[in-house]
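Please look over the structure shown here before reading on. The briefing is meant for someone who has not seen it before.

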Amino acid sequence: MGTINVSKKYTAREKAYIPAILIGMKITMSRFIKGFFLRQHDTILYPEKKRDYSQRFRGMHFISVDANKTENCTACFLCETICPADCIHIVADEREDENNVYGVKKEKKPISFDIDSLRCCFCGFCEEACPKDAIKLSRNYELAVSTREDAIYDLDHLKRDVKGRG
Amino acid sequence: MELFDVAQLMAKIVFVVGLSLGVVPIMVWFERRGAAWMQRRVGPNRVGPFGLLQPLADVVKFIFKEDFTPGNANKFFYYMAPMVALIAPLCAMSVIPFGSTAIVNGHEITLQIATMDSGVIFILAFAGLEVYPIILAGWASKNKYAVLGSLRGASQIVSYEISMGLALLSMLIVYGTFNPHEMVSWQAAKYWGCVVNPFGALVFWISIFAETNRLPFDLPEGESELVAGYHLEYGAMKFALFFMAEYVAMIMASALIATLFFGGYGLLPGMSFLVNFISTNFGFGEVGMQNTKAAFEVLSLISKVAFFMFMFVWIRWTVPRFRFDQLMDLGWKILFPLSLINLVIVTLMVYVLNK
Amino acid sequence: MSNPTVHEIKGTKDDLNYVSAKRPVHSDPSPDAKPLPKVTIDGKTYEFKPGDTIMEVAERYKIHKEIPRYCYHPGLPVAGTCRMCTVEVEKAPKLMTSCSTPAGDGMIVHTSSEKVLKSRNGVQDFLLTNHPLDCPVCDKAGECKLQDYTFQYGPSASNFKEEKRVYDEATTKLLSDKITLNMNRCVHCERCVRFTDDVTKTHDLVMVNRGWHKELEATDPALGLTNNYQGCLTDFCPVGALTMNDFRFKKRAWFLTKKPSVCDRCSKGCNIEVHHDEDVVYRYTPIHNEMVNGHWMCDDGRVSYNDIMNPSRVISPLLNYENALHSTTLETLLGDLKNKIKASGNVQLVVGTDSTREEAALLKDKFSDAVGAKVNVAYFNGTNGVSTSKDDMKMDHLLIMKDKTPNTRGVEDEGLTALAGNEANADIVILFRNGRAGVPKLKSNQKVILWGVWNHDELKALPTTNILGVIPGLATMEKAGSFKNGDGIVQKFHPAINHRGGAVAAHQVVGVLKSLT
């Protein structure tokens, strides 16, 4: 019960306040000199120089394609099922025979595959759930768009050429 | 020679006002880049070389912003506040001497816009006027945050004006005059004011931070608790006027402290040698020598002002903002008694030494 | 109005494959009756009727863990081919198939002993040797027995390293225009073959070749499947070998919400489960009801949800204004129609035999009062040449009836009379139907008011163009009510889905009509 007194007894030097200010000013001045003469800074000058995020970074989605530029996705809806943000919307249909290069494995295809990146929380569950390694998250973090419509990635956008994980 | 008097007066006004306002964009740029350097950042570096044209871009933006007026505002005072904010420190600048005399066409020109014996009182009067734009802006814009900011500003400026006045009073006793010219010549002949009265100089300097609403005493603005304080409802060029007024007030304060405590336009060590050297080598006459001396005096004052401006920036980015009760404690419980005691001591010393 | 026993349609928690055909037995209450034999399953003793198999006893008493099975189906004869239902019987030398072993008095059975589990694990391993594991593509995924049992009993990894068998031609093969066969997924339980042999008796399917090359084939490949119950093949196929084209790739099974209802496609009144997601129906499947439909339902009924989900269905009130139908509010429409009905004085209300008993009673008793004018009410069937329930008859040995509306007998019970001469001639004819009953003969400039489930194609096909207005109504699965089927069984149902358009229930329409002045 009762209160615990956490206040501190200040020494005379601390009470005087001025020495502490002088120490602070010494630090800022040293930084000023380093910045002004030696051009030291921690800022990354963004458009010219980009931050190299780790390999595990989860950015803009894409769907991997095979040699025929056919998407690997078979519209199994596992990503739509697992998605905690409910941002994936798929419409499935039969794949035409000429694209059916792997026989039975690709008899189904998505005729539309929309990801609403404004709802997406980039948890990567879709990537985990995908049995065909079709949907992946690239390392591209430049997701800015001009309109809300642009933020909904359609199948054409998702099938864009991404090297490795971007 | 009526015409000549008017012309030289106009020239001095243009020089002082032009210099004060011209320094503002440079100070804005320096404040932002200086802050960046102190914080391991880069700062604005995109517009022009080293980002020097950034203030220009700011101005363009300010001009083209929507010039709105809050619906409930008291229009007259709402528009008056930023004007007063800029005009008051500019008026105070008029009695700051920026040189002894220059000689043009055989006429002696005093390098001071308004030559008056009661110069320091005039400065005090206009410095006291600085509280008005803050109160007016906060009250006229009918916004509770603005009113809170203006209340803080009013009490802060009034509190610190006392210790500032007392510090000034001690110097008036030392110099025995109100005339800034005579103060400068006293310091040139004997010692700088800060050597004679170091406590007074310190108190005065601290008070000036509070008077100009600079960090660590920028409570009227207080972004974290008051959004933007008294100028919350101001946009576009009206805000720009407040913004400029802050820097003009800083320049005025720096010039004032330089004049009162740091020798004013008195030449910096080594400068008198330079003046002699140039005058003799280039064969200037007595007139030329006087004009050269005046030029160096202006340069001397400008460099002192620049130093204090730098101090403003440096301290701003070092010391965190005070809490309001801490501010009032400092003003009333420390600076006020200190300056009062200092005044008594200085008075006694002057009395004893002059006896 | 008679008060027959009302049977409420109930959804089953269990999969269709688990519903036992027989009811629980109770021992004879008379004191000198011979005691029933007893069998001990997993430590508990159960009574049974002589002749029951172990599986049937276990099913009847719902033992704590079901016995897995592929080939056993309560509606089909026992085959004993899959070996998944084997249980350990004490004193028997080997594991016994519970589906085909009759229970004996004093028999002690273990359904989940270590030996049994090992056997099931082995069976799963063998079944998975050739299964393509294309669950992402397969429509059965989520309701697949092979998936379920693999999770419960199967090996986590296969011992089979060799290449899997692939049927080149039968990978995606149409057995008819309704059914697609994927032979790679088949586990050879032969439920489908037994179904066509013993239930539909059409002998459409047959297994050809043996062992590794065993393959399902239509008996006459040129004809394919010929029976009218092909949808049932997809219901009981434990894997995705037989899938229905109507549902193929439309929706994954786990998204579907299941609600019980009654099929209104004929007077049989099959109990169905409405599978919908966000009130969009994707398919009907039968619910087991021994009195009505057993385990099955016909294909016409199975795809009949398409009529209700038709995009051209009228779901907002339409009012005739300057010879064109315009969407309007219900109050505006009903106010206008009520004035016209009052002014006319010669109005005929034709109630389709697809309306519920409650609707028929409501319209007979309350409608005249609501519009404030005398209205003649009659019922009309108009499907397959049926006019009264006496014309109804069985069309085959299973389920299909001649009367294609669900409630002819129910409407007759309410005291309505059949429309004389199948011809409606009054000043204004109001046609109330649920989308199943036919349209009576009309004059070419007959003024009609349409009420209930209509779509725009039907509006265009009417002999008259003088439509005063369309009052949208709820379809069977969207409303509550009861039907009396051709066999005289009254079945009550509740809304399976919420109607998301502007259609309203009949009693609401009558209420609004009454409130308008």
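This is a predicted model: local features need pLDDT of at least 70, side-chain atom pairs count only at pLDDT 80 or more; totals for chains, interfaces and linings use all residues.

Chain C is assigned domain 1 (164-308) and domain 2 (318-515).

**Contacts between chains**

- On the A–B interface, 14 residues of chain A are in contact with eleven residues of chain B.
- The side of chain A that touches chain B is made up of six nonpolar, six polar and two charged residues.
- Chain B and chain C have no contact with each other, and their closest C-alpha atoms are 43 Å apart.

**The two domains of chain C**

- The domain assignment places residues 164-308 of chain C in domain 1 and residues 318-515 in domain 2.
- A distance of 33 Å separates the C-alpha centres of domain 1 and domain 2 of chain C.
- The two domains touch, with 26 residues from domain 1 of chain C and 28 residues from domain 2 of chain C taking part.
- On the side of domain 1 of chain C that touches domain 2, the elements giving two or more residues are strand 12 (257-262), strand 13 (271-277) and helix 7 (305-308) of chain C.
- Strand 12 of chain C gives the most to this side of domain 1, with four residues.
- Sorted by class, this side of domain 1 of chain C holds 13 nonpolar, seven polar and six charged residues.

**A sheet in chain C**

- An open sheet of three strands in chain C runs in the order 7-8-11, with antiparallel pairing.
- Its edge strands are strand 7 (173-174) and strand 11 (242-244) of chain C, each of which pairs on one side only.
- Two bridges link strand 7 of chain C to strand 8 (residues 179-181) of chain C in the antiparallel sense.
- Opposite C:Lys173 stands C:Leu181, which belongs to strand 8 of chain C.

**A hairpin in chain B**

- Strand 1 (residues 101-104) and strand 2 (residues 107-110) of chain B form an antiparallel pair over four bridges.
- B:Val104 has B:His107, in strand 2 of chain B, as its bridge partner.
- Two residues lie between the strands of this hairpin, and B:Asn105 takes a positive phi near 55 degrees there.

Technical notes:
Residues are numbered from 1 along each chain as its sequence is written. Chains are lettered from A and ligands numbered from 1 in the order in which they are written. Two strands pair if DSSP finds at least two bridges between them. Two residues are in contact if their C-beta atoms, placed from the backbone, lie within 7 Å. Ala, Val, Leu, Ile, Met, Phe, Trp, Tyr, Cys and Pro count as nonpolar, Asp, Glu, Lys and Arg as charged, and the others, Gly among them, as polar. Domain bounds come from an automatic or database domain assignment.
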